[in-house]
Amino acid sequence: MGKGIESSLVIIKPDGVQRRLIGRVITRFEEKGLTIRGMKMMRVSSALAGEHYAEHKKKPFFKGLVEFITSAPVVVMVIQGVDAVAVVRGLVGATNGREAAPGTIRGDHGMSLCFNVVHASDSSASARREVALYFTRNELVGVPPADYSYIYENRDGSLV
Ligand code: CMP
């Protein structure tokens, strides 16, 4: 069952930025027909990383994860579309780059579990929480793209 228009938080992690993959990653989302509602390059603070990855606080890899995400600039994006959370996760691929299917971003660009090029929200609830952590409302664009009528069929006002 579709969930309607959603937003997902995507981060091009330090490895993706340092390896000059920003353009390729953004292109995957754009070519699919998803919309970028907000985007910025930033350095993640330890406090923000701790909040973002709070669910992993007790995991053995937590310290390394925070060190990595704060180690160099990242690009954060809010990606919007119908069922965007699931669609984005499909494009991103499995967490471990070695296991991610060819054709996915991680499958095509990564060999690591920790250095896995991108982060993407894993549920609608996580997406709402994560978007609010990284963006203020006025940093997000609200105007629907002009090409929506060619990307979705518009039946009874709903996008299908
Ligand atoms: P991400 O989608 O950013 O969400 C949490 C991150 O933790 C995940 O991508 C991986 O980079 C990392 N991660 C998950 N499991 C492990 C693990 N077992 N060891 C190291 N890093 C992990």
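Student: What should I keep in mind before reading the model?

Tutor: It is predicted, so local features need pLDDT of at least 70 and side-chain atom pairs count only at pLDDT 80 or more, while totals for chains, interfaces and linings use all residues. Residues are numbered from 1 along each chain as its sequence is written, and side-chain values use heavy atoms, with hydrogens and water left out.

Student: What is the strand order of the open sheet?

Tutor: Strands of a sheet pair through backbone hydrogen bonds, either parallel or antiparallel. Here 4 strands form an open sheet in the order β2-β3-β1-β4, with antiparallel pairing. Helices (H or I, at least four residues) and strands (E, at least two) are DSSP runs numbered from the N terminus, and two strands pair if DSSP finds at least two bridges between them.

Student: Which strands stand at the edges?

Tutor: β2 (35–42) and β4 (118–120) do; each has a single partner strand, so one side of each lacks a neighbour in the sheet. β2 pairs with β3 (residues 74–82) over 7 bridges, and Lys40 has Val76 in β3 as its bridge partner.

Student: How do I read a helix pair?

Tutor: Two packed helices are described by the angle between their axes and the distance between the axes. Axes are lines fitted to C-alpha atoms, for helices over the stretch in contact, with angles from 0 to 180 degrees between N-to-C directions. The axes of α2 (residues 22–32) and α5 come within 11 Å and cross at roughly 130 degrees.

Student: Which residues of α2 and α5 meet?

Tutor: Arg28, Phe29 and Lys32 in α2 meet Val87, Val88, Leu91 and Val92 in α5, where contact means heavy atoms within 4.5 Å.

Student: And how should I read salt bridges?

Tutor: Side chains of opposite charge can pair when their charged atoms come close. The rule asks for a side-chain nitrogen of Lys or Arg within 4 Å of a carboxyl oxygen of Asp or Glu, and the count comes to 4 salt bridges. One of them joins Arg28 and Asp108 (2.7 Å, N to O). This pair links distant parts of the chain, with Arg28 in helix α2 and Asp108 in helix α6 (residues 105–109), 80 residues apart.
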